[in-house]
Amino acid sequence: MKTTPWHILGAGSLGSLWATRLARAGLPVRLILRNPSRLAAYSAKGGLSLSEQGERATFAIPAQTFDAQEPIQRLLVACKAYDAEPAVASVASRLTSGAEILLLQNGLGSQDAVAALVPQARCIFVSSTEGAFRDEDFSVVFAGQGFNWLGDPQQGDPPQWLNELTGAGIPHQWTSEILDRLWRKLALNCAINPLTVLHGCRNGELQAHAEEVRALCDELVRVLQSCGQPQAAIGLQEEVMRVIEATAANYSSMYQDVAQGRRTEISYLLGHLCKAAALSGCDVRLLNRIRTRLIDHLSGKGLPSN
Ligand code: NAP
C-alpha cells in the first residue's frame, strides 16, 4: 500500500523538527515553502538539517511551493499563528476530500480560522511542549525534549497514522481533551509571558512580582470558568508558580520574540483571552490593562501589536 506523504507547510523551527524526524524514519515528506526564492535558497542548501545532542544530520527532503500540482491528503501546518490561515488558503485547492490538517500553532483562534476556511478537511489540533530553534536557515536545533498532545475538537477516532509518529520517535498522545490542554497552555502563557516583557526579565524574576502574578491568575481562573473551560482553571495559580520556579533561568518565548525584533503571537494569546472574556461578560481589568501596556510596548519598538 502506498504511504501518504506528509506535506509540511512552513520549514521553520517546529516544521523542520517534525519533517526531519519523519524523513529519518523513511516516511515520504514534502516541504511547502513560501515562494520561489525560498525554494531556491533551500535547493542551494541541499536539504534540511537537524542537530540533536550535538549530532547534526541533513535530509534531502523534496520541497515545492504552494502552486505545485500534487494533491495534499495530510498537511502539517507549522507556521506562526498569524500566518496559518493565509498559508492554508494558498494550498486549499490542493486538499483532497477527507484531507487531514494538523495545526501546531500556539494559542487559540488560528485553528478555528483554518477550520472555517477548509470545512471539507478534518482539523487536528496539536499542543506541543517540544522546543526547537533555527541556528541558520533550513537548520534546526532540537533544544528541549517535550511532548505532543493531538486531538480533534469535533471528537472522532484517532487516526491510523499515529503509529508513524511512534516510528519517527515523535512523542505523542491522542486526547479527547485537546481544548482543555490548549486553554491551559494559553492561561499559563498569559500569566507569565506578557509580564516578562513588561518587566524586562527572566521567568524566575517574576517571583519578585508574586502579588501581580496572583491577581492575574485570579482573573484567568474567572475567564476560564466563564467561557466554559473550568477544567483548565483547576490549580492554575499553583502551576504558574511551579513553572516560574522550574524555568527561572529562561526567557519566555514572547520576551525572546520582542528582544529579537520579531512579531509576537499576542492576538492568539492575551488577545484571544481578553476577547473571550468580553464575549462571556467577564470583567478582566488587570488582563486588559496588561494587554494595553503590552501593545504600547510593542508599538514603541516598532513591532506589530496584532
Ligand atoms: P518559525 O521558526 O518562525 O517557523 C515558521 C515558518 O513558517 C517559517 O519557516 C516561515 O517561512 C513559514 N511560513 C510562514 N508563512 C508561510 C507560507 N505562506 N508558506 C510557507 N511557509 C510559511 O516558527 P516556530 O517557532 O516553528 O513556531 C510555529 C508555531 O509553533 C508557533 O505557533 C509557535 O508558537 C509554536 N511552537 C513553537 C515551539 C518552538 O520551540 N519553536 C514550541 C511550541 C510551539 P520563512 O522561513 O520563509 O519565514
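Biologist: Which residues come nearest to the ligand?
Modeller: There are 25 residues around the ligand, and S13, L14, R38, A132 and E265 come nearest. Keep in mind that this is a predicted model.

Biologist: OK, and which polar backbone atoms are by the ligand's oxygens?
Modeller: S13 has a polar backbone atom 2.9 Å from an oxygen atom of the ligand. For N106, a polar backbone atom is 3.0 Å from a ligand oxygen.

Biologist: What about a polar side-chain atom?
Modeller: R134 has one, 3.0 Å from an oxygen atom of the ligand.

Biologist: How much of the ligand does the protein bury?
Modeller: The protein buries 83% of the 900 Å² that the ligand exposes when taken alone.

Biologist: Switching topic: how is the chain divided into domains?
Modeller: Domain 1 covers 6-176 and domain 2 covers 180-300. Their C-alpha centres lie 26 Å apart. Domain 1 puts 14 residues into the contact, and domain 2 puts in 13.

Biologist: How much area do they bury between them?
Modeller: About 1,400 Å², with 59% of it on carbon and sulfur atoms.

Biologist: Which residues in domain 1 lose the most area there?
Modeller: Y82, N106 and L108, which together account for 50% of what the domain 1 side buries.

Notes. Residues numbered from 1 in each chain as written. Predicted model: local features only at pLDDT ≥ 70, side-chain atom pairs only at ≥ 80, totals over all residues. Heavy atoms only, no water. Near = heavy atom within 4 Å. Polar contact = N/O pair within 3.5 Å; in protein donor to acceptor, adjacent residues only side chain to side chain. Areas by Shrake-Rupley, 256 points an atom, 1.4 Å probe, with all protein chains shown as cover. Domains from an automatic or database assignment. Contact = heavy atoms within 4.5 Å. Buried area = accessible area lost by both parts, 1.4 Å probe.
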